[in-house]
Amino acid sequence: MSKMGTNSWRKYVSPCWRPSVESRAVNCNNRGGNPSGCVDGLWWYKDIAQHIHGEFSMAVIQANNVLEDQCQVESGPMSSMEAGPRGTFVGIYDGHAGPEASQFINNHLFKNIKKLLIYCLKSLSRVDRKLAKTRGLLTFQLSDAGYTLESQEMSADVIKSAYLATEDQFLSMVKKQWEIKPQLASVGSCCLVGIVCNGMIYTANAGDSRVVLARLEKSGKEVKAVQLSDEHNASFESVREELRSLHPEDLNIVVLKHKVWRVKGLIQISRSIGDAYLKKAEFNKPPLLAKFRIPDPIEKPILLAEPSIQVQKLQHEDQFLIYASDGLWEHLSNQEAVDIVHHSPRNGVAKKLVKAALQEAALKREVRYSDLERIDRGVRRHFHDDITVIVLFLDSHLISRSSFQGPILSIKGGG
């Protein structure tokens, strides 16, 4: 994929990051500075490692014939510029109809955030400092970016624009390969992102993955689960109402099919990256398989790539964040997941969460957990989905040290 030119980037810059060395999960050196995780059959996991604000734990279990979940943690400088912020980036990418979209996001979204953030910082340095001086302004905002000279913070608009840039890049790839690989038009992915930076938590979501914050109660003994992400699944009445308001002329925009609400009777989520066949008319035709084509002409995108974004200030009582694909939340409630982490050692806690979900899945299907463990990928999908979990611990003494250098880390989990 060719790099986006300067002009292409400008349309995403009403906004404005730097990854370190990427690693592959090829061994079980699972502790300390080596970012490699462990592969064990259908499992990929990293029991414990350090990010700039504390420790984290990761785990992925495969159920599909081909693993469709991808994930990543990036920690350290958010920009290659000296003035840039430092923080931790978490991504959960739950693919469907194939792994291509989630893999693409894993390779491009964080880089797009980095490019946009650098663009903002350079623009502020080159233009706004001069304007601030000549006009006697203490701060000067880059057009609609929510970014000021003094703040040096991440911007919600940067994140939104990075989503849309990644979407455009993926749809461009689909178009280029349309004649030889038309099935790419049916591939998509949910996309959940969390960024902890300068004492703030940024949460962006497109799809039905979820992040839950654990906040210490006043008693100091128990923790309360606080969901930070909005979900875009047609099972929610609010999502169905949003779809109907966006497509008032389409009486079949949401259809109850086999007791499950689906957008156009095909897909449960209303936002994603990819799924070109539900976004552009040029992909709603042969040679795409008939089961993905809809009879009505597509005049505007049915699914959206734009994420819902929440920004909030970290509190001293905030203990940890659980980021996970919907495969976890199908079997565990927010509070159940938070309680498991709160009452467990940090080392290996993400894997413990996944195992708790698998035990619930086995119970629902009336099989023993030991029998479920022996079921291979593909067939296993009848019992549970691919499941990805990242637990990000928040150590207040590290968060309060804004100049703390911390470890530079980049790790990608999954296939």
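Modeller: Rings of Phe, Tyr and Trp (for Trp, its six-membered ring) form an aromatic pair if their centres lie within 6.5 Å, and planes under 30 degrees apart count as stacked, over 60 as edge-to-face and the rest as tilted. By that rule the structure holds 5 aromatic pairs. This is a predicted model, in which local features need pLDDT of at least 70 and side-chain atom pairs count only at pLDDT 80 or more, while totals for chains, interfaces and linings use all residues. Residues are numbered from 1 along each chain as its sequence is written, and side-chain values use heavy atoms, with hydrogens and water left out.

Biologist: Why is the pair of Phe-104 and Phe-170 called edge-to-face?

Modeller: The ring centres are 5.3 Å apart and the planes stand at 70°, so the pair is edge-to-face. Phe-104 belongs to helix 2 (residues 100–135) and Phe-170 to helix 3, so the pair ties together parts that are 66 residues apart in sequence. Helices (H or I, at least four residues) and strands (E, at least two) are DSSP runs, numbered from the N terminus.

Biologist: What makes Phe-170 count as buried?

Modeller: Buried means under 20% relative accessible area, exposed over 50%, and partly exposed in between (1.4 Å probe, protein chains only). Phe-170 has a relative accessibility of 1% and therefore counts as buried, and Phe-104, at 6%, counts as buried too.

Biologist: What makes Ser-155 a cap of helix 3?

Modeller: At the N-terminal end of helix 3, a side-chain oxygen of Ser-155 lies 3.0 Å from the backbone nitrogen of Asp-157. A polar contact is a pair of N or O atoms within 3.5 Å; within protein, one must be able to donate a hydrogen and the other to accept it, and residues adjacent in sequence count only if both atoms are side-chain atoms.

Biologist: How do you know that strand 4 and strand 16 pair?

Modeller: Two strands pair if DSSP finds at least two bridges between them, and strand 4 (residues 69–77) runs antiparallel to strand 16 over 6 bridges. One of the residues involved is Gln-72, whose bridge partner in strand 16 is Lys-412. Ser-75 also lies in strand 4; its relative accessible area is 4%, so Ser-75 is buried, and its side chain makes a polar contact of 3.0 Å with that of Thr-88.

Biologist: Why is strand 16 called mostly covered?

Modeller: In strand 16 (residues 409–414), 6 of its 6 residues are buried. Leu-409, Ile-411 and Gly-413 lie on one side, and Ser-410, Lys-412 and Gly-414 on the other, with both faces covered.

Biologist: How do you know that Cys-191 is in no disulfide?

Modeller: A disulfide is a pair of cysteine sulfur atoms within 2.5 Å, and the count comes to 0 disulfides. For Cys-191, the nearest cysteine sulfur is that of Cys-190, 8.8 Å away. Cys-191, at 0% relative accessibility, counts as buried.

Biologist: What makes Glu-55 buried?

Modeller: Its relative accessible area is 17%, so Glu-55 is buried. Glu-55 is found in strand 3 (residues 54–61), and its side chain is joined to that of Arg-346 by a polar contact of 3.1 Å.
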